Amino acid sequence: MKNLKIVLATGMIALALSGCSQYNARNFGGDYTVNLPENKKLVEITWKDDSLWYATRDMRKGEKAETYTFEEDSVAGVMEGTVTIIESQTEEKSE
């Protein structure tokens, strides 16, 4: 009976941790990556409760795609999460 409880508890923890990556990054120090649609620039990013919200805009001529890494720096130094935002762009056509 004790082994069954351990197996069930382990399964529930694994299920909870494999659920929502955003939630894990915010609450348990996981990593989460967002690949923005092509030709979009990151403007702002924030959390509302356990959901990640980000604002984008169209890339302007001459702008390049960038990658942003947001890292938590917690007081205790444990369970620090990382969110990576990756921009991409189509090749500009020569005129």
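Visitor: Where does glutamate 71 lie?
Guide: Glutamate 71 lies in strand E4, which covers residues 67-71. Keep in mind that this is a predicted model.

Visitor: Which residues form the negative surface patch?
Guide: The patch is formed by Glu71, Glu72, Asp73 and Glu80.

Visitor: And how far apart in space are glutamate 71 and threonine 82?
Guide: Their C-alpha atoms are 4.5 Å apart, while in sequence the two residues are eleven residues apart.

Visitor: Let's step back. How many helices and strands does the chain have?
Guide: There are two helices and five strands. Starting at the N terminus, the order is α-α-β-β-β-β-β.

Visitor: What share of the chain is buried?
Guide: Of the 95 residues in the chain, 19% are buried.

Visitor: Now the strands. In what sense do E2 and E3 pair?
Guide: Strand E2, residues 40-48, and strand E3, residues 51-58, pair in the antiparallel sense, over eight bridges.

Visitor: What stands opposite lysine 48?
Guide: Serine 51 in E3 stands opposite lysine 48.

Visitor: How many residues are there between E2 and E3?
Guide: Two, and the strands form a hairpin. Aspartate 49, in the turn, has a positive phi of about 55°.

Visitor: Where do side chains go in a regular strand?
Guide: In a regular strand they alternate between the two faces of the sheet.

Technical notes. Residues numbered from 1 in each chain as written. Predicted model: local features only at pLDDT ≥ 70, side-chain atom pairs only at ≥ 80, totals over all residues. Heavy atoms only, no water. Pairing = 2+ DSSP bridges. Helix = DSSP H or I, 4+ residues; strand = E, 2+ residues; numbered from the N terminus. Patch = residues over 30% accessible without salt bridge, like charges linked within 9 Å, V, L, I, M, F, W, Y side chains within 5 Å. Areas by Shrake-Rupley, 256 points an atom, 1.4 Å probe, with all protein chains shown as cover. Salt bridge = Lys/Arg side-chain N within 4 Å of Asp/Glu carboxyl O. Lys, Arg positive; Asp, Glu negative; His and termini not counted. Charge placed at Lys NZ, Arg CZ, Asp CG, Glu CD. Buried < 20%, exposed > 50% of the residue type's maximum accessible area, 1.4 Å probe, protein only.
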